[in-house]
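Dear colleague,

Here is the structure I promised to pass on to you. Please open it beside this message, and then read my notes on what was found in it.

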Amino acid sequence: MPCLIAPSILSADFSDLRSAIDMINESEADYFHVDIMDGVFVPNISFGFPVMKALQKHAKKTLDVHLMIVDPDRYIEEFKKAGAGILTVHIEACKHLHRSIQSIKHNGMKAGVAINPHTPVNALEDIIQDVDVVLVMSVNPGFGGQKFIQHTFDKVLRLKQLIIESSSKAKIEIDGGVDLDNALPLIRAGADILVAGNTVFSSPNPKEAIKFLKDPL
Ligand code: DX5
Ligand code: ZN
């Protein structure tokens with residue numbers, strides 16, 4: 001049961017980013033997952049446009065950009081210029097989520113909305129038809145390498161139901177603590193895209209880890 005894989009470059013060795021980019025290019029991964037953190041919405045700062053530009057130059061796959069920043073509307077155009085193909089904003093960080101989603105689409109990108117572990121699936125009822133992706137946080141955002149929150153399975157099942165009931169085309173993306181054991185149950189529950197940082201980059205063979213996650217049967 002194959003799905004899409006988005007290795008998170010947050011877990012890459014930044015002193016050798018080019019090798020990480022090349023590895024993902026050569027692997028069976030579908031996207032580059034790019035975590036942007038501002039130190040305000042989440043208690044960590046990751047990287048910004050200079051790193052995005054390096055990715056834009058060398059990445060041969062879609063940049064799946066996950067904004068963990070307050071008031072993301074300020075930067076939508078700039079992320080398009082920096083090469084984002086999918087731009088995901090947090091429901092908890094947007095005052096006018098509908099406007100933010102329209103603006104992302106207007107700028108020619110696929111639009112995603114992310115929900116934190118405490119945010120209920122039903123908060124998406126009136127936006128589900130407008131988004132291309134729902135990113136379900138399966139850890140509290142801010143850091144790679146955290147433990148997967150089991151309650152995510154229940155949320156994925158409810159989200160899948162909501163998507164079917166509303167005839168939405170949204171894909172379900174799971175982000176945080178995805179590993180070789182929970183990948184298959186997540187896909188069975190309805191996940192379409194799996195983000196994986198630690199599982200890929202701490203593996204002795206990252207390309208093999210990606211291959212396994214993509215079709216873990
Ligand atoms: C966490 C980030 C994730 C993170 C995932 O806030 O959104 O994308 O890089 O890393 P792992 O797979 O190690 O949990
Ligand atoms: Zn992420």
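In this predicted model, the zinc ion (ligand 2) is coordinated at 2.1 to 2.2 Å by His 33 through NE2, Asp 35 through OD, His 66 through ND1 and Asp 175 through OD. If you follow these donors along the chain, their spacing reads H-x1-D-x30-H-x108-D. Asp 35 belongs to strand β2 (residues 31-37) while His 66 belongs to strand β3 (residues 62-68), so this pair ties together parts that are 31 residues apart in sequence. Asp 35 and His 66 are both buried. As for the geometry, the arrangement around the zinc ion (ligand 2) is octahedral because its six donor atoms subtend angles of 70 to 170°; the rule behind that word asks that opposite donors be over 155 degrees apart and that all others lie between 65 and 115.

Next, please look at strand β8, which covers residues 193-196. Which strands pair with β8? Strand β1 (residues 4-7) pairs with β8 in the parallel sense over four bridges, and strand β7 (residues 171-175) also pairs with β8 in the parallel sense, over two bridges.

A pair of aromatic rings is described by the distance of the centres and the angle of the planes. For Phe 49 and Phe 79 these values are 4.6 Å centre to centre and 40° between the planes, and the pair is tilted. Phe 49 lies in helix α2 (residues 49-58) and Phe 79 in helix α3 (residues 76-81), which means that the pair ties together parts that are 30 residues apart in sequence. Are these two residues, Phe 49 and Phe 79, buried or exposed? Both Phe 49 and Phe 79 are buried, and together with Tyr 75 they form one aromatic cluster.

Methods: Residues are numbered from 1 along each chain as its sequence is written. Chains are lettered from A and ligands numbered from 1 in the order in which they are written. This is a predicted model: local features need pLDDT of at least 70, side-chain atom pairs count only at pLDDT 80 or more; totals for chains, interfaces and linings use all residues. Side-chain values use heavy atoms; hydrogens and water are left out. Buried means under 20% relative accessible area, exposed over 50%, partly exposed in between (1.4 Å probe, protein chains only). Two strands pair if DSSP finds at least two bridges between them. Donors are N, O and S atoms within 2.8 Å of the metal (3.2 Å for Na, K and Ca); water is not among the atoms, so sites may look incomplete. Four donors count as tetrahedral if all angles lie between 85 and 135 degrees; four count as square planar and six as octahedral if opposite donors are over 155 degrees apart and all others between 65 and 115; anything else is irregular. Rings of Phe, Tyr and Trp (its six-membered ring) pair if their centres lie within 6.5 Å; planes under 30 degrees apart count as stacked, over 60 as edge-to-face and the rest as tilted.
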